[in-house]
Amino acid sequence: MKPFRFLRADEIDARVSTISESGLSLLLYKDARCDMRVLDETLGPENWQREHYECKGNLFCRVGIRCGDEWVWKSDCGSESYTEKEKGEASDSFKRACFNWGIGRELYTAPFIWIPASASDGSPNYKAETDRSGKPSTRTKFRVTHMAVEDGKITALNIESVRPSKTVFVFGNIFPEAGLTCEVCGKPVDSDFANRSMAANGGHIYCSGTCKKRAAV
């Protein structure tokens with residue numbers, strides 16, 4: 001069977017795990033649509049299937065893959081979501097079963113992702129708020145803009161906040177082969193990103209909206 005590829009940065013969600021006044025931690029996730037896309041792409045839609053069943057009060061999903069003339073199955077159970085119990089549990093069990101097949105297993109090797117409330121220059125890394133109970137919270141979203149994987153382990157990771165748009169976490173040697181850097185902060189960028197930035201900014205390379213604003217000052 002053809003091995004499954006590693007996930008791309010744009011297929012990964014970065015969600016808040018814990019938050020305090022000093023900062024927050026993030027966890028990396030994939031969604032069920034990502035698993036279906038990788039299965040279709042690698043095997044073909046006709047060569048895999050999924051089934052859900054209940055065992056001792058838990059909802060399981062088993063994913064079958066056609067191997068020659070036989071089907072091979074791997075399964076796992078899911079947990080409830082806070083919003084839609086049945087839908088969330090079904091989706092989670094499917095994603096976990098796909099982990100058993102190796103899809104996205106590299107996410108388990110992610111480093112501890114800690115985002116301090118403020119950057120070293122004092123600028124905020126995200127919009128800090130408080131919820132109704134007075135506890136720290138935020139509505140700032142985060143995205144993975146680069147991830148490198150070697151031998152099944154994450155070796156480089158770059159995460160940005162969406163609003164404000166800025167790099168808030170860097171792990172490993174990001175884009176070592178490109179030799180291109182942001183004109184303001186010096187952060188390495190890959191050639192595709194550099195080309196988009198130059199096209200949008202009159203030939204200048206900025207890694208984020210924050211650096212673009214700093215260059216205009």
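## Helix H1 and the three-stranded sheet

Helix H1, made of residues 32-43, lies across strands S3 and S4 and runs at about 140° to S3. The model described in this report is predicted. Strands S3 and S4 belong to an open sheet of three strands, whose order is S3-S4-S5 and whose pairing is antiparallel. Strand S3 (48-55) and strand S5 (70-77) are the edge strands, since each pairs on one side only. From one strand to the next, the twist averages 25°.

Strand S4 covers residues 58-67 and is joined to S5 by eight bridges in the antiparallel sense. Within this part of the sheet, Val63 stands opposite Lys74 of S5.

## The six-stranded sheet

A further open sheet contains six strands in the order S6-S2-S1-S9-S10-S11, again with antiparallel pairing. Its edges are strand S6 (113-116) and strand S11 (166-171); each has a single partner strand, so one side of each is left without a neighbour in the sheet. Direction ignored, neighbouring strands of this sheet are turned by 35° against each other on average.

Gly23 has Pro116 of S6 as its bridge partner. As a general principle, strands of a sheet pair through backbone hydrogen bonds, either parallel or antiparallel.

In soluble globular proteins, nonpolar side chains tend to be buried together. In this model, the largest nonpolar core has 36 residues, and those with the most contacts inside it are Leu28, Leu39, Val144, Leu157 and Ile159. The elements that give two or more residues to this core are S2, H1, S4, helix H2 (85-101), S6, S9, strand S10 (153-161) and S11. Helix H1 gives the most, with five residues.

Not counting residues up to four places away in sequence, Leu28 touches a set of residues including Ile12, Leu107, Ile113, Val144, Leu157 and Ile159. A second, separate core has seven residues, among them Ala194, Ile205, Tyr206 and Cys211.

## Aromatic pairs

The whole structure holds six aromatic pairs. Trp71 counts as partly exposed because its relative accessibility is 28%, and Trp73 counts as partly exposed at 27%.

Tyr126 and Phe142 form an edge-to-face pair, with 6.4 Å centre to centre and 70° between the planes. This pair links distant parts of the chain: Tyr126 is in the loop between S6 and strand S7 (128-130), whereas Phe142 is in strand S9, 16 residues apart. Tyr126 has a relative accessibility of 4% and therefore counts as buried; Phe142 counts as buried at 8%.

Thr140 is found in the loop between strand S8 (136-138) and strand S9 (142-150). Its relative accessibility is 8%, so Thr140 counts as buried, the cut-off being under 20%.

Leaving aside neighbours within four places in sequence, Thr140 is in contact with Tyr126, Lys127, Ser161 and Arg163. The side chain of Thr140 reaches the backbone nitrogen of Lys127 at 2.9 Å. Arg163 is 23 residues from Thr140 in sequence, while the two are 6.3 Å apart in space, C-alpha to C-alpha.

How values were computed: Residues numbered from 1 in each chain as written. Predicted model: local features only at pLDDT ≥ 70, side-chain atom pairs only at ≥ 80, totals over all residues. Heavy atoms only, no water. Pairing = 2+ DSSP bridges. Helix = DSSP H or I, 4+ residues; strand = E, 2+ residues; numbered from the N terminus. Axes fitted to C-alpha atoms, helices over the stretch in contact; angles between N-to-C directions. Contact = heavy atoms within 4.5 Å. Buried < 20%, exposed > 50% of the residue type's maximum accessible area, 1.4 Å probe, protein only. Polar contact = N/O pair within 3.5 Å; in protein donor to acceptor, adjacent residues only side chain to side chain. Core = buried A, V, L, I, M, F, W, Y, C linked by side-chain atoms within 4.5 Å. Phe/Tyr/Trp six-rings, centres within 6.5 Å; stacked < 30°, edge-to-face > 60°.
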